[in-house]
Amino acid sequence: MEAALRDMPEHPEIRQLLAGSALHYFHCLRIVEILRGTEASTRNLFGRYSSQRMKDWQEIVALYEKENTYLAELASLLVRSVSYEAPALRKQISRCQQAQQDFARREEECQLAAAELRERFYASCKQYGITGDNVRQELLALVKELPSLLSEIGAGASALTEAIELYEACVEFVCESSAEPVLPLLRHVGRRGNTTVYEWRTGLEPVRVERPEVQEVPEQPKEDAIDWGDFTLEPSGASDGAAGGGAQDEIDWGIALEPSPQQDDGIDWGDGDGAQIAVLEAGTEVPEGVACGSEALTVLELAETRNQFLDELMELELFLVQRLVEMEEEADVLAASQFQLAPAALQGQSSARVGSLLAGTRALLGQLGTRRMQHLFTILASPRYVDRVSELLQQKLRQAELLLAKREALGQKRQEALAEQGNLEPKLDRLLDRTRELQRLIEDDISKRYGGRPVNLMGVGL
C-alpha cells in the first residue's frame with residue numbers, strides 16, 4: 001500500500017481520502033472507482049488495465065477481501081474509536097472545563113483577597129489618620145501636629161478642676177490630713193496647660209526654650225542598592241622625623257618616638273608641665289532660666305511625665321466611680337452617716353454631677369488612649385518606627401498587587417484552557433462522525449450477507 005500511495009494521480013477526492021487518519025477497505029474501493037475514470041485510456045479489449053496504479057489498488061482490494069480481512073479491520077477501527085479515542089478526547093475536554101472552573105474560582109479568590117488587603121490598608125491608614133498616598137511622609141507630618149493635639153488635651157484638663165477639688169476634699173476628710181497634695185501634675189496642667197517640664201519642676205516659666213533637634217531618619221534604601229560611601233584610596237605621605245629616614249612608601253601610623261626626660265627605666269606620671277586631662281561634667285554650663293534637653297519638652301511629650309499624668313487621671317476616675325457607687329446606694333446607712341460631718345463640697349454633690357465629672361475624665365483619658373495617639377507617641381520616641389509602620393502598610397499593598405498579577409496569570413491560563421477545548425471539540429465531532437460511518441458500513445456489509453436483513457451493532461455508545 002505504501003508503494004501505491006507514492007504513485008497517485010492528482011484528484012481532489014483522492015487527496016481528501018488520503019488526508020484522513022485511517023485508510024480502510026471502502027476507501028480503497030472508492031480509489032479504484034476514481035482510477036477507472038483517470039486510467040480509462042489504459043484499458044484493453046479484455047477489460048483489463050495496463051496501468052500499474054490500477055493493478056496495485058486492485059491487488060490491495062483483493063487482499064482485503066481475502067477471508068473477509070477488511071471486516072476485521074473495520075471492527076478493529078470501530079472498537080478503538082469507541083473504547084479509546086472518543087473517551088480520551090472527552091476526558092481531555094472535561095479536564096479543560098474543570099481547569100477553567102478552577103482558574104475562574106481562583107481568580108475570584110485572588111480578586112477578593114486583594115480587595116480585602118486594600119481595605120485593611122486603608123482601614124489601618126484611617127486609624128493612623130492618614131490617606132495612604134505617601135505613608136512615610138504623612139506619618140512624619142502627623143508628628144508635627146502632635147504639639148497642637150497635646151495642647152488641646154492640656155486645655156481640656158482645666159475642666160477637671162472641680163473633680164480634683166472634690167477628690168482633695170475627700171482625702172482631707174477621710175485621712176484628716178494630707179501630707180502631700182493630691183494629683184499635682186493634673187492640677188498643674190489644669191491651671192497652666194501643657195507647659196514644659198522645666199516649668200513643672202521649677203514652677204518658673206523658662207526664659208528660653210531650646211528643644212532637642214529631631215533628626216529625621218532618612219528613607220531606607222532598597223534592598224538591591226548598596227551604599228559604598230565615600231571610599232577613596234589616596235597615598236599618604238610618610239612622616240619626616242618619625243621613623244628616622246624610612247622609605248616613603250611606608251604607612252604613617254601617627255606614632256612618634258621622642259627621647260624621654262626621665263631615665264630609661266623611669267615612668268613619666270605627668271607631674272611636670274605635660275598635658276593635663278580635664279573632666280568636664282556635661283550640662284553644668286546651662287544658663288539659669290533656659291530649658292533644654294528633656295526639660296524643654298512638654299509634660300505630655302515626655303514619657304515619664306505623660307505616664308504620671310495618665311496615672312493621676314485614672315486615679316481620679318477610680319475615685320469618681322467609687323463615689324458615684326456610694327451615692328447611688330441609698331441602703332448603705334453607714335456610708336451616709338460617715339459623710340454627715342463631711343465638708344459642704346462633699347455633701348453638696350449630686351450623683352448626676354459626679355457622673356458628669358466622671359464622663360469628662362473618661363473623655364480626656366479616651367483622647368490620650370486612642371490608637372492614633374499611641375502611634376504618635378511611639379514615633380516621637382523612636383523615629384525609625386515610621387519606617388517599620390510604612391513597611392508594614394506598603395507590604396499589604398504589595399501583596400494586593402501580587403494577587404492581582406496572579407489573577408491575570410490565572411486568567412491567561414483559563415483562556416488557554418478554553419482555546420484547547422475549542423480545538424478538541426471539532427476533533428471529537430469528526431471522530432464521532434467517522435465512527436458512525438464505520439458502524440453503518442459494517443452493518444450494511446453484514447446485512448448483505450444475510451439477504452438484506454437489518455443488522456444493529458450493540459454496545460456502540462456514542
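The largest nonpolar core of this chain comprises 53 residues, and Leu139, Leu186, Phe309, Leu313, Leu316 and Leu320 have the most contacts inside it. The model is a predicted one. Its chain has 462 residues, of which 32% count as buried, and its secondary structure comes to 15 helices and two strands.

**Nonpolar cores**

- In soluble globular proteins, nonpolar side chains tend to be buried together.

**Surroundings of Leu313**

- When residues up to four places away in sequence are not counted, Leu313 touches Leu160, Leu186, Thr361, Leu364, Leu365 and Leu368.

**Packing of helix 5 and helix 15**

- Helix 5 (residues 69-128) and helix 15 (residues 385-449) have axes that come within 6 Å and cross at roughly 165 degrees.
- Angles over 145 degrees count as roughly antiparallel, and helix 5 and helix 15 are therefore roughly antiparallel to each other.
- The crossing in which helix 5 passes helix 15 is left-handed.
- The contact of helix 5 with helix 15 has 38 nonpolar, 11 polar and 17 charged residues by class.

**Contacts along the chain**

- Among contacts in the chain with a separation of 6 or more, 74% are accounted for by residues 24 or more positions apart.

Key:
Residues numbered from 1 in each chain as written. Predicted model: local features only at pLDDT ≥ 70, side-chain atom pairs only at ≥ 80, totals over all residues. Heavy atoms only, no water. Axes fitted to C-alpha atoms, helices over the stretch in contact; angles between N-to-C directions. Helix = DSSP H or I, 4+ residues; strand = E, 2+ residues; numbered from the N terminus. Parallel < 35°, antiparallel > 145°, perpendicular 65-115°, else oblique. Left-handed = near helix turned anticlockwise from the far one by under 90°. Nonpolar A, V, L, I, M, F, W, Y, C, P; charged D, E, K, R; others polar. Core = buried A, V, L, I, M, F, W, Y, C linked by side-chain atoms within 4.5 Å. Buried < 20%, exposed > 50% of the residue type's maximum accessible area, 1.4 Å probe, protein only. Contact = heavy atoms within 4.5 Å.
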